[in-house]
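Please have the sequence and the coordinates open while reading.

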Amino acid sequence: MRALLRLRRRLPLPLTARLSFFSSEPHEIPTIYSFLQPSIFAPRPRPQPPPPPPPPAHDTAPRKTLPVADAEALESDLLAAVAEDRTDDAWLAFKSLATSSRPPSPRAAAALVSHLAGAGGAHHRLGLKRAFAAAVFLLEKSPHAAPVPEPAIGALFSALAAAGSAAPALALARAMLRCGRRLPAFPVWGHPLIELTRDDAGAFAAFLKVFDEACKLVVGEKAPAEAAAMRPDLTACNAVLAGCCRRLGSVADAERVLETMSAIGVFPDVESFGSLAFLYAWRGVSSRVDELDTLLDALGFSKKGFFKNLVSGYLKSSNFESVSSLILRAVKEHRVGYGNVFDQESYSEVAQCFVDHARIRELAQLIIQAQEIELTQQPMSVEDSVGFGIVNACVELGLLNKAHSILDEMTAQGASVGLGVYSSILKAYCKEQKTAEAAQLVAEISAAGLQLDAGSYDALIDASMTAHDFQSAFALFKDMREARLPELRSSYLTIMTSLTENNRPGLMASFLDSVVDDPRIEIATHDWNSIIHAFCKVGRLEDARRTYRRMVFLRFEPNNQTYLSLINGYVSAEKYFNVLILWTEVRRKGTEFNHELIDAFLYALVKGGFFDMAMQVIDKAQEFKIFLDKWRYKQAFMETHKKLKVAKLRKRNFRKMEALIAFKNWAGLNT
């Protein structure tokens with residue numbers, strides 16, 4: 001805290017030494033009392049500033065005296081017109097009251113200003129003009145302590161901010177300061193003004209004067225409760241400070257705002273110091289940078305934002321040497337496990353600025369030096385390295401060729417390129433399906449004696465599969481296995497999924513067979529089912545049967561899905577005898593049947609005319625209490641065996657005849 005006090009003592013120019021905001025400048029608009037001038041939103045060039053309006057205290061304009069009853073009637077008419085959305089009638093009533101000795105009450109003023117500020121459609125611009133004129137008039141002429149209540153003032157400022165009308169909003173704020181009354185709460189008017197002026201240097205400079213005068217009133221306010229209501233909060237002060245630092249680039253203004261914050265009892269935080277760091281780096285005030293550095297240490301604040309803002313400031317002044325030095329310092333002070341030294345936004349700024357100034361060589365040198373420091377620290381992830389951050393930023397900015405130029409420059413300087421520098425480019429090539437460039441880069445990585453990580457392999461394999469280069473994907477997967485990488489599952493699934501989508505069951509079977517003994521890949525029944533289903537789908541039933549036999553031989557347990565795929569394939573090819581063989585095998589194993597499997601078997605066996613086996617299926621259904629829709633199997637019988645005669649069958653095979661009769665009785669075909 002002593003360091004903070006010392007910093008405050010160094011800040012020049014006391015709060016009371018600020019310039020008066022009454023000076024003429026482009027964003028000022030003279031106060032108007034006539035409601036017939038619609039030009040306030042478009043100030044015209046003035047060869048000479050107009051004379052200041054006479055103070056309200058000396059206003060001797062004659063006013064007509066209205067009886068109390070007439071004034072009350074006019075105010076009632078005003079409120080009724082507002083309630084009924086009769087804007088012109090409300091305005092006429094207000095004008096009549098304004099030119100009399102009895103201005104509208106705060107209640108009527110609030111209703112009118114809020115109504116006019118919220119006018120929509122074609123009346124929006126005129127409504128804003130009228131609301132502004134009414135508010136200024138009441139602030140300067142009304143005898144009431146609060147002639148326009150805070151909600152109405154807030155509605156007007158918000159409407160002006162939404163319309164992008166900075167000049168009238170600033171004029172309204174000056175009117176509030178001139179009238180000598182207590183200011184509304186700062187969020188009511190200050191926050192809209194900050195939003196309005198933050199992107200316009202001229203408008204922001206004008207607002208800065210208003211902000212300074214408002215803070216003087218806060219300091220001079222005797223009542224603590226009222227001072228607290230009028231005081232800008234830390235967020236607002238930081239926004240004003242940021243405007244001085246980033247928009248105006250003024251050290252004097254920024255330090256005066258910091259002094260103002262101290263005077264009104266608002267204490268700076270990390271964001272405040274970040275804005276100052278940006279400014280001091282931009283303007284080259286190295287002594288102030290050192291003071292901030294020491295101050296942050298004393299306060300125990302994180303320096304991540306401090307470093308980020310310093311980098312931005314140095315880049316704005318094209319001080320590339322300081323950028324490199326600061327990044328290397330941050331790497332040295334970085335603790336592993338705390339994420340990246342800088343965020344993606346910072347790396348993007350660095351990459352873009354260095355590339356724009358043709359400083360590829362300096363970027364390469366920075367990465368080389370950072371790698372040397374990173375190698376002395378505890379192991380960190382690839383994504384946390386400076387090389388990855390810069391190269392990945394180039395890739396994200398669409399500067400893929402520049403990213404590769406950084407690699408070439410590092411190689412030319414005789415440096416070893418870390419894997420983190422390679423991986424981002426490699427993944428970008430894969431994403432853009434530039435498989436030839438990716439293959440060349442993989443060769444460079446291998447030549448450098450580096451080993452790709454699982455993520456890079458997966459990206460390469462995905463790109464190869466997308467390009468239907470299946471053999472390259474298989475070769476890459478083989479390299480992964482030989483490199484003894486522990487994580488293979490993701491790449492395995494990438495290959496299997498792509499082969500499934502491309503209806504390549506033969507490649508699926510050979511690939512699965514080649515990796516089935518690898519303990520790092522958890523192969524399960526559903527992997528075999530995918531191959532069997534794919535074979536059946538394309539009518540390669542013999543291959544499906546061989547895959548099934550291979551699966552059983554390797555002691556993978558078939559499930560209902562396995563059998564369903566085979567049954568559906570056999571039925572499609574009208575190979576009902578194969579279904580008969582499969583039923584015999586499944587029944588012998590004692591499989592746990594469900595409705596879907598029982599239905600598939602029974603339908604196929606009825607279509608094939610194997611009624612003795614069909615009755616076995618029916619018995620199983622009864623055993624497992626599975627309901628069967630007899631109509632479905634009756635239809636299957638009528639489609640295939642409509643002309644089958646029991647008498648002829650009796651002469652040929654008595655057993656089949658009995659089975660046929662039993663089935664017909666069960667299905668209700670004998671009635």
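The model is predicted; local features need pLDDT of at least 70, side-chain atom pairs count only at pLDDT 80 or more, and totals for chains, interfaces and linings use all residues. Residues are numbered from 1 along each chain as its sequence is written, and side-chain values use heavy atoms, with hydrogens and water left out.

A search of the whole structure gives 31 salt bridges (a side-chain nitrogen of Lys or Arg within 4 Å of a carboxyl oxygen of Asp or Glu). Three of them are among those listed here.

| Pair | N to O distance |
|---|---|
| Arg247 and Asp199 | 3.8 Å |
| Lys216 and Glu213 | 3.4 Å |
| Arg481 and Asp518 | 3.0 Å |

Arg247 and Asp199 form a salt bridge. This pair links distant parts of the chain, 48 residues apart: Arg247 is in helix 11 (residues 234-248), and Asp199 is in the loop between helix 8 (186-197) and helix 9 (201-220). Helices are DSSP runs of H or I, at least four residues, numbered from the N terminus. Arg247 is partly exposed at 36% relative accessible area, while Asp199 is exposed at 59%. Here buried means under 20%, exposed over 50% and partly exposed in between (1.4 Å probe, protein chains only).

Lys216 and Glu213 both lie in helix 9, three residues apart, about one turn of the helix. Lys216 is partly exposed at 24%; Glu213 counts as buried at 16%.

Arg481 and Asp518 form a salt bridge. This pair also links distant parts of the chain, 37 residues apart, with Arg481 in helix 24 (residues 470-482) and Asp518 in the loop between helix 26 (505-515) and helix 27 (525-537). Arg481 is partly exposed at 26%, and Asp518 is buried at 5%.

Methods: Helices (H or I, at least four residues) and strands (E, at least two) are DSSP runs, numbered from the N terminus.
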